[in-house]
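Hi,

Here's the structure I promised to pass along. My notes follow below it.

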Amino acid sequence: MDLLSLTAVELGTAIQQGQTTAREAIEAVLKQIDKTEEILHCYISIDRKKALEEAEGVQRKIEAGELSGPLAGVPAAVKDNLCTEGMLTTCASRMLGNFVPGYSAEAVLNLKRAGAVLVGKTNMDEFAMGSTTETSAFGPTRNPRDPERVPGGSSGGSAAAVAAGECFFALGSDTGGSIRQPAAYCGVVGIKPTYGTVSRYGLVAYGSSLDQVGPLGRTVEDCAVVLEAIATHDRKDSTSLAREDTDFSSALEENVKGMRIGIPRDYFGPGLNGEVKSAVLAAAKRLAAEGAWVEEFDLGLTEYAVPAYYTIASAEASSNLERFDGVKYGYRAEGGGSLHEMYKKTRSQGFGPEVKRRIMLGSFVLSAGYYDAYYRKALRVKAMIRRAFDEAFARYDCILGPVTPDTAPRLGESLADPLKMYLGDIYTIAANLAGLPAISLPCGKNGAGLPIGLQLTGDCFQEKKLIRAAYTYEQAVKKGGQTGDEGI
Amino acid sequence: MAVISEETIDYVSILAKLELSPEEKEQAGRDMGRLLEYIDKLAELDTGNVEPLSHVLPLENVFREDVVTNGDESSMILDNAPEQRDNMFSVPRTF
């Protein structure tokens, strides 16, 4: 059996049925890592010994009938901003280059309870700030679909590891598109759930009002099953929701009859690449053919999401990253001096340029005299954006559009112009500002063979509608071949 | 393009607790000028009657009894400290 050709759920089922074992699964993944990791650099750390031990332990529990879920024995990767007990958690920063947490993030514990086997910690943009995984202090990750290109970011290592078969699924975090955008660039599926659905306990904070943990996987089914496993109420996260509708796998049905899907005209303006546009519109056509009721509408305010986002996210980042001062953990600069000098030296040497840029911007927009003009203004615009979505969801079950304006750029193309890089987040950012769930899934390839992503966004708590629509689309493509511009 | 003055950059780096080299300062002035100019786009919107929205979902304070539920984790926590002494974080002199 070629284990690497299986989805996470297929592998989990095969393990339950005794056709293979957790040990064989992790060995297959480690073998693949031997083949491709040197070029791709999906991981910051891999603990082979621990992974093999974990697999043995899980296998014993499966055989004893103590673990029977679809993820038991399935090798998984975790983004390096989620704490893992006894295992390096660096946030791809020199600042946390030696940080070994004494506890695990709640999402990671939930995976372990489900019996998933942790392969390692994936590369990312430093402190999740970036859209390419190039701001990592440990070097960039390369896109498995074309190693000359970036995998996207900030969860680029997670997306690339899934695409390359270096794990069966992965966890990422999404503050402005950091799960969905790399999923689109690498041709995998990613879900950013409703804010509060997955505990943020043990996730190193970037923009706390925007951050959500979510899954990346090869299929909609894999992502639904993983999300179901990690979505729990957690008293340790005061924004965690007590939801009773987290049985997301129950939404895996092929049925969009009568589903109302809105396509925002504002998303299809001049900034959108032509090939991306036609692939996304072809996907809409296919959903219509499956019985969905699809129409265009004006969402509005689209061009204001990015400036509002960078104001709010930078402000929260400047506050959240104050904790890195060389006292409690991580890096401390050498060279004597007073406490205050030590703080400044540590932070100046420990943070990379993109992190410093956002801390500076955030400190400015929160400073006396500018707070109202910038920070509070952005919060007011956020309220307007939320209202625009409320109006849209009064008419539609979900909103369909592209994930990104273009396919994956080449390495080295993006960092020279931060503003241009930020504008690439235009379609993903609004979901974070409004707290909405959104899914990114492949909807074809461009002429050069690079994956194109389709995004479906829903109202708060409506993940099941998104999963149903995404699953219907995915299955229709699988069965029906190509209709138009989708070269899957 | 709006250029942020050196005084402003110096002030912001005090707030941010960052020590920037002369080159970094110049770059920061340019970057921030460009970003703020872009963010100024928000001024096009009339937000006079709009309340700022901090959290999208209603949040309530979460209360619990003040009972210890975890064990003594001090050594585990201190193990990550760059310097420790007598079960405490050790820092350079504060004056």
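What volume does the largest pocket have? About 780 Å³, with volume being the space filled by probe spheres set on grid points joined across faces, edges and corners. A pocket here is an open set of points on a 1 Å grid over the protein atoms alone, where a 1.4 Å probe fits, with protein on both sides within 12 Å along at least five of seven lines; lining residues have an atom within 4 Å of a point.

Before you dig in: this is a predicted model, where local features need pLDDT of at least 70, side-chain atom pairs count only at pLDDT 80 or more, and totals for chains, interfaces and linings use all residues. Residues are numbered from 1 along each chain as its sequence is written, chains are lettered from A and ligands numbered from 1 in the order written, and side-chain values use heavy atoms, leaving out hydrogens and water.

Back to that largest pocket: 35 residues line it, and Gly271(A), Pro405(A), Lys420(A), Leu423(A) and Gly424(A) lie nearest its centre. By class, the lining has 14 nonpolar, 11 polar and 10 charged residues (Ala, Val, Leu, Ile, Met, Phe, Trp, Tyr, Cys and Pro are nonpolar; Asp, Glu, Lys and Arg charged; the others, Gly among them, polar).

The second largest pocket holds about 570 Å³. It has 27 lining residues, with Cys83(A), Tyr103(A), Gly202(A), Arg323(A) and Tyr329(A) closest to its centre. That lining divides into 14 nonpolar, six polar and seven charged residues.

Cheers
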